[in-house]
Amino acid sequence: MPTDTSIPRIGRDLGGYASRHRDLHTGDPDFNDVTCPECDSDKLEVISLFGGAASEIMFRCHDCDTSFNWIKWRGKLPPTPSVKE
Amino acid sequence: MVYTPGVPGTALDEQFRNDLLAVADTKLVLGNWYAECVMNGRSLPDFAAILGMCTANYGHTRAIYQYLAAHGHDYVYLERGRGPEDIHSSNLLDEAPTGWEDFIVSTWLAELATWMLVSGYLNHEDRAVAGLSKKIGEETYFHLKYANGWFQIIGEGKKQSQLFQKSYTKRFPLALQWFGPVRGKDQVHELGIRDVPLKKLRDAFKKEVASAKNPLGAALGQAKPIKFAKDWRSDARRLGPIPASLFEVVRFKDTELAH
C-alpha cells in the first residue's frame, strides 16, 4: 500500500479546474457512508461527480489508490414545497 | 375516455398534458444544450458531467413522451413530427449561451425550474407520474450539485462573477416567466391533479435561486415584475415559436433513420 505522499501518483493532475472540483465535492456530507470497496477506508476523494455512467460518482481511495464508481442515488431530492425535510 | 390516473388509454386533462409537455420539451432543448456545449467544458470531469446530464435530460424527455403516448398521443409525432411552433420549451433556452458563465446560469435555472414544476407531481395519484417525478428529482439533485460547485469557482473570480451576474439578470426573468402570470389560473391544481399550487412552486423557485448567494459569495439581484405580452402562450409556457436556429439543432434530422 503506497504511503509516501511525496511520490506523485498516476493520473493525479496538479491543479486546474478538475482539482478545484475535487476539493469542492470531497467531504460532501452526501457521501459520508461511502467506503473503499478494496480496503474499506473512508479517506476518499471525489474524482468526478459523474463517472462511467450518469448514475455513478467516481471516487479515489487515499489509502490504497483504488478508483471506483459509486451509484449515487439514495432517494435525495432537491428542495421543493412537496418534500418534507 | 376520461382521464383516469393509472389507466393507459384515457385522455389526460389538457392543462396537465401541457405541464408535462412543457417539462419534456424544455428538457429536450436542455439536453441539446449539453450536447452542443460539452466540448467547452473546463476539464475531463466537466465532459463526464455534461454528457451525464445530457443523457439524463434526454431520458426524462423520452419517459414523459412515452407517458403521453400511453394516454393517446402519437409518440412519433411528439419525438420527430413537430414544427418549431409545437415545441413547448422555455424561452430561457431560446438563445445559445454566450460564454461559460452564461451556460452555467442558464442550465442551472432550467434544471431548477423544471424540477420545481415536476415536484408538484411527486404525490400524483398515478404511480407512473409520481415515480417519474421522483426519478427526475434524484437525478436533478446531482445536476444542481454540479452547478453549485461551479458557483463557488465562479465566485472566486471578479470577472467571472460579473459575467455570471450579467447573465443572471438576463436569464432569470425568462426562467420565472415559465411559471406564468402570478395571478394566472391554475386549473391543474384546482382539479387536484397537482397538489402544490403553481404560486407556491414559483415562490420556492425564487427562494432556491436566491440561496445561490451562499456558494457564489454575492447576492443575486431581484427580478423586475414580468409583463406578460398579449401573445403569451399559456399552453406552451412561452412566447412565440422556438427560433429557427434552435429548431435546426433540436429537430429530428432524419425520420428514416428512426425506423
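How many bridges join β1(A) to β2(A)? Four bridges join these two strands, which run antiparallel. The close-up views below come from a predicted model, in which local features need pLDDT of at least 70, side-chain atom pairs count only at pLDDT 80 or more, and totals for chains, interfaces and linings use all residues. Residues are numbered from 1 along each chain as its sequence is written, and chains are lettered from A and ligands numbered from 1 in the order in which they are written.

**View 1. The sheet of chain A is open and has three strands in the order β1-β2-β3.** Helices (H or I, at least four residues) and strands (E, at least two) are DSSP runs, numbered from the N terminus; two strands pair if DSSP finds at least two bridges between them. Pairing in the sheet is antiparallel. Strands of a sheet pair through backbone hydrogen bonds, either parallel or antiparallel. The edge strands are β1 (44–48) and β3 of chain A, each of which pairs on one side only. Ignoring direction, neighbouring strands are turned by 40° against each other on average. Angles run from 0 to 180 degrees between N-to-C directions, and axes are lines fitted to C-alpha atoms, for helices over the stretch in contact. Opposite A:Met58 in β2(A) stands A:Ser48, and opposite A:Cys61 in β2(A) stands A:Leu44.

**View 2. β2(A) and β3(A) form a hairpin.** Five bridges pair strand β2 (residues 56–61) with strand β3 (residues 67–71) of chain A in the antiparallel sense. A:Glu56 has A:Ile71 in β3(A) as its bridge partner. Five residues lie between the two strands, and A:Asp65 in the turn has a positive phi of about 70°.

**View 3. In chain B, α1(B) packs against α2(B) with axes that come within 8 Å.** Helix α1 covers residues 14–37, and its axis crosses that of α2(B) at roughly 155°. That makes α1(B) roughly antiparallel to α2(B) (angles under 35 degrees count as roughly parallel, over 145 as roughly antiparallel, 65 to 115 as roughly perpendicular and the rest as oblique). α1(B) passes α2(B) in a left-handed crossing; a crossing is left-handed if the near helix is turned anticlockwise from the far one by less than a right angle, and right-handed if clockwise. Residues are in contact if their C-beta atoms, placed from the backbone, lie within 7 Å. Among the contact residues are B:Leu20, B:Ala24 and B:Tyr34 of α1(B), and B:Ile50, B:Asn57 and B:Ile64 of α2(B). By class, the residues of this contact are 17 nonpolar, four polar and two charged. Ala, Val, Leu, Ile, Met, Phe, Trp, Tyr, Cys and Pro count as nonpolar, Asp, Glu, Lys and Arg as charged, and the others, Gly among them, as polar.

**View 4. α2(B) also meets α5(B), with axes that come within 11 Å.** The axes cross at roughly 165°, and α2(B) and α5(B) are therefore roughly antiparallel to each other. The crossing of α2(B) past α5(B) is left-handed. Residues of α2(B) in this contact include B:Ala49, B:Met53 and B:Tyr67, and those of α5(B) include B:Leu132, B:Ile136 and B:Glu139. Nine residues of the contact are nonpolar, two polar and one charged. The 27 residues of α2(B) should span 39 Å at 1.5 Å a residue, and the end C-alpha atoms are 39 Å apart, which agrees; the expected span is 1.5 Å times one less than the number of residues. B:Gly72 follows α2(B) and has a positive phi, near 95°.

**View 5. α4(B) and α6(B) pack at an angle of about 35°.** Helix α6 of chain B covers residues 158–177, and the two axes are 8 Å apart. α4(B) passes α6(B) in a right-handed crossing. The contact includes B:Val105 and B:Leu109 in α4(B), and B:Phe164 and B:Arg171 in α6(B). It divides into eight nonpolar, three polar and three charged residues.

**View 6. Chains A and B meet through 24 residues from chain A and 31 residues from chain B.** On the side of chain B that touches chain A, α2 (44–70), α4 (100–119), α5 (127–155) and α8 (198–210) each supply at least two residues. The largest share, 11 residues, comes from α5(B). This side of chain B has 16 nonpolar, 10 polar and five charged residues.

Definitions and conventions:
Two residues are in contact if their C-beta atoms, placed from the backbone, lie within 7 Å.
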